[in-house]
Amino acid sequence: MNSSPASKDPKQKSAHDESLDRYLEREALSAKMGHIGRKILVLSGKGGVGKSTVAANLAIALAGANKRVGLLDVDIHGPSIPRLLGLEGQMAGSTGEGIEPIEYDTRLKVMSIGFVLQNRDDALIWRGPLKMNVIKQFLKDVEWGDLDFLVVDCPPGTGDEPLSVAQLIGSPDGAVIVTTPQELAISDVRKCVTFCRQLNLPVLGVVENMSGFVCPHCGKTSDIFKSGGGEAMAADMGVPFLGRVPIDPEMVLAGDRGELYLQAHENSPTARAFRNVLKPILELNPRTG
């Protein structure tokens, strides 16, 4: 009697099957990224320099220029974008074919781990592979649609998250690097520039945030954290300098209230400086894929 072939355990895949899975995953990711024009990473060497504020205001400014924009927050352990945009408490849904991002308005779609957690106080104690899988899912499974720009807010440093994005996103157009003027932050930003060069990721420019404080009463500027350190570093490392943004206490309050600073205080000296900093990015050709 001929014995019938033993049926395969579905949990036991061959090397060929695993290779096929990876190929199909790459194809799906490539197809999704093919609908996105320019992809911009926002990086910083150190936390607390206002990187997420720059990313959020950049996305809002692009949307305000009638661009179709996605804002992806890949800071798995400390997502700030939901609070900055006043979207805390909202939960991402399912379209049946993928993950439905949160719409800030008709031109801006947003995704963050903060839209997945049931409790905003939950601590995610995850190692690198888990984080990479979530980032891959956000890029591959979120229904971004056709976008002119995707802005990715990365956590501080040069670790798993920015590396995963740079490897998965498919030829990112460049990085905006945010720093403050003091030497402690500048030394870490130099590592960010080196990180970009090692990955052949163009540096679109350096933003020197918290550069001076303009007194709202007398108009005098005080250099609380010094000034010019980011500009000097950019010149030394041969990367573009986008400009300085002074401190405005209203920026902190706007973030805590979930208001976008550029919208709430569009005529302030800091808002004008912010728009000048973002101008070269806003003038990029969308180049929709």
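This is a predicted model: local features need pLDDT of at least 70, side-chain atom pairs count only at pLDDT 80 or more; totals for chains, interfaces and linings use all residues.
A salt bridge is a side-chain nitrogen of Lys or Arg within 4 Å of a carboxyl oxygen of Asp or Glu.

**Stop 1: a network.** Select Lys46, Asp188 and Lys191, which are linked in a network of salt bridges. Now keep Asp188 and Lys191 in view. The closest N and O atoms of this pair are 3.6 Å apart, which is within the 4 Å limit for a salt bridge. Both residues lie in helix H6, three residues apart, about one turn of the helix. Asp188 has a relative accessible area of 18%, so Asp188 is buried, since buried means under 20%.

**Stop 2: Lys51 and Asp153.** The structure holds 14 salt bridges. Select the one between Lys51 and Asp153, where the closest N and O atoms are 2.8 Å apart. Which parts of the chain does the pair tie together? Lys51 lies in helix H2 (residues 51–64) and Asp153 in strand S7 (residues 147–153), so the bridge joins parts that are 102 residues apart in sequence. Lys51 and Asp153 are both buried.

**Stop 3: Arg68 and Asp148.** Select Arg68 and Asp148, another salt bridge, with the closest N and O atoms 3.0 Å apart. This pair links distant parts of the chain: Arg68 sits in the loop between H2 and S2, Asp148 sits in strand S7, and 80 residues separate them. Arg68 counts as partly exposed because its relative accessibility is 35%. Asp148, at 7%, counts as buried.

**Stop 4: Val69.** Step along to Val69, in strand S2 (residues 69–73). Is Val69 buried or exposed? Val69 has a relative accessible area of 0%, so Val69 is buried. To see what surrounds Val69, leave aside the neighbours within four places in sequence and show its contacts, among them Ala59, Leu62, Arg107, Leu147 and Phe149.

**Stop 5: Asp248.** Select Asp248, in the loop between strand S11 (241–247) and helix H8 (249–257). Asp248 is buried yet has no salt bridge. How far away is the nearest side chain of opposite charge? That side chain belongs to Arg257 and is 9.1 Å away; the limit for a salt bridge is 4 Å. Look instead at the backbone nitrogen of Glu250, which the side chain of Asp248 reaches at 2.9 Å. Beyond its neighbours within four places in sequence, Asp248 is in contact with Tyr261, Ser268 and Thr270.

**Stop 6: two loop residues.** Most residues other than glycine have a negative phi. Select Ser171, which is not a glycine but has a positive phi of about 50°. Ser171 is in the loop between helix H5 (160–168) and strand S8 (174–179), and counts as exposed because its relative accessibility is 64%. Then select Asn200, also not a glycine, with a positive phi of about 55°. Asn200 is in the loop between helix H6 (183–198) and strand S9 (203–214). Its relative accessible area is 71%, so Asn200 is exposed.

**Stop 7: a surface patch.** Finally, show the surface and select Leu20, Tyr23 and Leu24. Together they make a nonpolar surface patch of about 280 Å². Leu20 is found in helix H1 (residues 15–33) and counts as partly exposed because its relative accessibility is 39%.

Conventions:
Residues are numbered from 1 along each chain as its sequence is written. Side-chain values use heavy atoms; hydrogens and water are left out. Helices (H or I, at least four residues) and strands (E, at least two) are DSSP runs, numbered from the N terminus. Buried means under 20% relative accessible area, exposed over 50%, partly exposed in between (1.4 Å probe, protein chains only). Lys and Arg count as positive and Asp and Glu as negative; His and the chain ends are not counted. A polar contact is a pair of N or O atoms within 3.5 Å; within protein, one must be able to donate a hydrogen and the other to accept it, and residues adjacent in sequence count only if both atoms are side-chain atoms. Contact means heavy atoms within 4.5 Å. Patches are made of residues with over 30% relative accessible area and no salt bridge: like charges are joined within 9 Å, nonpolar side chains (Val, Leu, Ile, Met, Phe, Trp, Tyr) within 5 Å. Accessible areas come from the Shrake-Rupley method with a 1.4 Å probe; for residues, only the protein chains shown count as cover.
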